[in-house]
Amino acid sequence: MFSDTITAAINGISALIVHVETDINQGLPVFNIVGSPGTEIRESKDRVRAALKNAGFKIPPSRITVNLSPGDLKKDSTSYDLPITIGLLTALEYLPVSNTEGILFLGEIGLNGEIRPVKGVLPIIHAACEKGIKECIIPSENAPEGSVVPGIKVRGADNLKTVIDYLMTKDETTLPSIYTDPMTILDTYSEKSADFEDVCGQERAKRAAVISAAGFHSLLMTGPPGAGKSMIAKRIPGIMPPLTLSESLELTTIYSVAGLMPPGKALITKRAFQSPHHTVTSQALTGGGQNPRPGIISLAHRSVLFLDEFTEFGRDAIESLRQPLEDKKILISRVRYSVEYPADFLLICAMNPCPCGYYPDRGKCRCTENEIRRYLGKISGPILDRIDLCCELKNIDITRLKGDEKNTSSSEMADQVLRAREMQNKRYEGTDIRFNADLGEDEINTFCELGKKEKDIARQLYQSLDLSARSYHRILRVSRTIADIEGSENIKKEHLMEAASYRPDLDYFK
């Protein structure tokens, strides 16, 4: 007796269809699972036996072989419980073969027959739909997440008995399919976030935040404790445009694979704000592990990665950001696997100017020159060279804290960001470029064209500031964003000068 049931495996943030082939023959009673199963799958046979027994089904003493095809793909997930169970019932002729054909099954099974949620449902449903599969049965807790994929019937089940009843009768009322229009979710999303109006003064830092959000430029803020660096960073997601449908689906896919989807939620509708502690390891940042999963930089995809106390992070952790900042993705290669995760994040960093935090105020700072040099030297030149904007914050005068004057609000800043984004969308229509920060050398020559006067200014900046080619291109990208914020089609002298003023001072970090 033989059966073939469909499920899927996660590879990075994509999914591959897996066939669960079940063969039952006479012989010594044994239950073998082959096809590169991991520990969680090898334990599946005990869960499946107990669940079937408690559901009233008897497995006769026989030789049971379950093959997970393709066999060369490493598999390790409790999501194979349900397809293995259905495969057994079909092979034992408890279920008609015709009623299980063309259905993808996914879910962990409890000993009492309960179907429990699993990871990676969204990419699996997408992969099934692309392969022409028209129906899937998944845990009911994962059903909202899977229901946003059109073209496939998604059925959420709470327990094994309900699934069996449906497969016996094919009665739609037993296990109805659900579909949710993702645009409806995005259009109705509304959540108030922290407002920049709460930040007193620091107008230059706010301006840098607008430029950063508008062009997706990385930002480093330096200043004494209590100057407002963290306050500003936490408010940057609130001035970024709402997630588009494609961005929301990308972010939801990553969170689904990582097993971090909030229960009952169909989509991630808000830009993430990831702020790891400075003791975080490089592997936690980039992802990987024995069973690979996305790291923090991937969880910040299309969103904000905030590294507070930047100099306190381990050198390995900081240097691991080099390649993702350039390539917008991270490739994890190990002996057993190689996976790729998206990592197009907006890097926001904050740090003190010295160990005590008060340099150059010698009235408060007691650090020696060597201590300051060692402290700032923790940030390497190549990392600084990848940061587009650097802004120094000062302590606010008490008269600004009394609240007598109106501070710039998030809504005002968001309007500036949105205006700049609209210009970028129009300019880069039909290309792979989304933001000014994505411009490569060839694209800079096309989209950052300078007039004669501006070329002279750019030449002077290059020579007087002793810029590297990367630093020079960074200034052009930032000036393009500043021009967009101002609604200017052409980059002007004042845009170049302002962009140069945000250049990280490498001498300061030596």
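**Close-up views of a predicted model**

**Figure 1. Lys328 lies in the loop between helix 15 (322-327) and strand 16 (329-333).** Helices (H or I, at least four residues) and strands (E, at least two) are DSSP runs, numbered from the N terminus. The model is predicted: local features need pLDDT of at least 70, side-chain atom pairs count only at pLDDT 80 or more, and totals for chains, interfaces and linings use all residues. Residues are numbered from 1 along each chain as its sequence is written, and side-chain values use heavy atoms, with hydrogens and water left out. Phi of Lys328 is positive, near 65°, in a residue other than glycine. With a relative accessible area of 25%, Lys328 is partly exposed; buried means under 20%, exposed over 50% and partly exposed in between (1.4 Å probe, protein chains only).

**Figure 2. Glu93 is found in the loop between helix 3 and helix 4 (97-100).** Glu93 is a residue other than glycine with a positive phi, near 65°. Its relative accessibility is 62%, so Glu93 counts as exposed. Most residues other than glycine have a negative phi, and most peptide bonds are trans.

Figure 3. Pro70 lies in the loop between strand 4 (63-69) and helix 3 (81-91). Pro360 belongs to the loop between strand 18 (346-351) and helix 16 (369-376).

**Figure 4. Five strands form an open sheet in the order 12-15-18-11-19, with parallel pairing.** Strand 12 (273-274) and strand 19 (389-392) stand at the edges with a single partner strand each, so one side of each has no neighbour in the sheet. Two strands pair if DSSP finds at least two bridges between them. Strand 11 (residues 219-222) runs parallel to strand 19, and four bridges join them. Met221 has Cys391 in strand 19 as its bridge partner. Strands of a sheet pair through backbone hydrogen bonds, either parallel or antiparallel.

**Figure 5. Helix 11 (residues 245-257) has 13 residues and is mostly covered.** Ten of the 13 residues are buried, including Leu249, Leu251, Ile254, Tyr255 and Val257. The expected span of a helix is 1.5 Å times one less than its number of residues. For helix 11 this should come to 18 Å, and the end C-alpha atoms are 18 Å apart, which agrees. Gly259, with a positive phi near 75°, follows the helix.

**Figure 6. Helix 9 (residues 203-215) crosses helix 22 (residues 469-485) at roughly 100°, and their axes come within 9 Å.** Axes are lines fitted to C-alpha atoms, for helices over the stretch in contact, and angles run from 0 to 180 degrees between N-to-C directions. The two helices are therefore roughly perpendicular to each other; angles under 35 degrees count as roughly parallel, over 145 as roughly antiparallel, 65 to 115 as roughly perpendicular and the rest as oblique. Arg207, Val210, Ile211, Ala214 and Gly215 of helix 9 meet Val478, Thr481, Ile482 and Ile485 of helix 22, where contact means heavy atoms within 4.5 Å. By class, six residues of this contact are nonpolar, two polar and one charged (Ala, Val, Leu, Ile, Met, Phe, Trp, Tyr, Cys and Pro count as nonpolar, Asp, Glu, Lys and Arg as charged, and the others, Gly among them, as polar).
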